[in-house]
Amino acid sequence: MPAGSSVFTRRKLVLLLASLCCLLWGSAYPAIKNGYAMFHIATNDIPTKLVFAGYRFALAGLVLLVFAALSKKPVFGIKLRTFGQMTLLGLTQTSLQYVFFYIGLAYATGVKSSIMNATGTFFSVLLAHFIYKNDRLSFNKVLGCVVGFVGVMVVNFRPGLLSFDFTLLGEGSVVLAAFILSAASIYGKKLSQQVDSVVLTGYQLAIGGVALLLLGFATGGALEAFTWASAALMLYMVALTSVAFSLWTILLKYNRVSMVTVFNFMVPVFGTLLSALFLDERFLEWKNGVALLLVCGGIWLVTKEETPRR
């Protein structure tokens with residue numbers, strides 16, 4: 001058992017840290033919306049959105065690498081093969097999935113994109129079944145994922161949601177982004193067994209962020225309108241990204257994939273609640289409470305069987 005696993009496998013700590021990660025990622029919803037307004041980024045300006053995301057991830061990665069170096073973690077002297085693996089992780093988990101997500105968002109509604117993006121939890125649980133012998137599918141896992149997914153649908157419920165229009169460029173791209181993120185996360189779990197989690201997260205975010213910046217600049221993107229307020233918002237997004245991704249990588253390193261990824265259902269719920277709070281949207285709606293109950297119920301179903309067998 002890896003050193004320190006006794007701490008990060010404690011169920012209460014997993015619950016606390018995974019919920020914190022989802023809360024931070026949920027806060028990115030209103031932060032990104034405010035960021036688009038502050039930096040004057042048009043809805044259909046995908047290149048500039050890639051530049052915006054690139055700065056966020058590249059700076060977050062740099063922050064983690066500096067922190068790792070100050071903590072005397074092995075930041076330098078990494079084997080070429082290992083660096084190549086981290087590069088692959090960064091280009092997939094950060095760059096490629098973000099590109100497909102933005103493409104999908106341009107051709108699908110935000111509501112359906114949020115729901116389609118939640119399919120990533122299903123992919124993670126399914127892939128883990130075939131990769132890890134101790135993370136097989138079970139009735140509780142399947143039921144928990146379904147209940148959690150229904151919760152995501154409830155919090156995003158709008159008139160017309162049940163119309164079954166599906167396009168490859170729209171919903172298809174969002175689902176593909178979710179699959180890429182799930183597969184890359186499992187690859188990252190394997191890689192984290194041989195590389196310090198903070199160092200791994202720092203490199204993959206920095207590499208993925210630089211790739212997004214280059215792609216954004218190459219396609220005509222440019223981030224302007226820097227002010228003290230917009231810079232402060234960017235710093236917050238850098239902080240939430242570095243903290244959430246590093247904690248998530250640590251949790252995946254020491255726990256079963258299904259036990260951690262099921263918490264992803266909380267991200268759109270937190271996102272909706274925080275958007276209502278900070279963007280003056282409707283907050284006290286019945287669907288928000290129902291969605292939270294469903295998501296928590298789904299998480300309970302998946303994680304309650306995760307008690308280690310003696």
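The paragraphs below walk through a predicted model, beginning with a pair of helices and ending with the cysteines.

The crossing of helix 2 and helix 10 is left-handed, and the residues that make up their contact comprise 23 nonpolar and four polar ones, with no charged residue among them.

From there the eye can move to leucine 274, which lies in helix 12, the helix formed by residues 266-278. Leucine 274 has a relative accessibility of 15% and therefore counts as buried, since the cut-off for that word is under 20%. Although leucine 274 and proline 30 are 244 residues apart along the chain, their C-alpha atoms are separated by 6.9 Å.

The cysteines come last, and with them a question: how many disulfides does the model contain? The count comes to zero, where a disulfide is taken as a pair of cysteine sulfur atoms within 2.5 Å. For cysteine 21, the closest cysteine sulfur belongs to cysteine 22 and lies 6.7 Å away, which is too far for a bond. Cysteine 21 is itself buried, with a relative accessible area of 0%, and cysteine 145 is also buried, with a relative accessible area of 2%.

Note on methods:
Residues numbered from 1 in each chain as written. Predicted model: local features only at pLDDT ≥ 70, side-chain atom pairs only at ≥ 80, totals over all residues. Heavy atoms only, no water. Buried < 20%, exposed > 50% of the residue type's maximum accessible area, 1.4 Å probe, protein only. Left-handed = near helix turned anticlockwise from the far one by under 90°. Helix = DSSP H or I, 4+ residues; strand = E, 2+ residues; numbered from the N terminus. Nonpolar A, V, L, I, M, F, W, Y, C, P; charged D, E, K, R; others polar.
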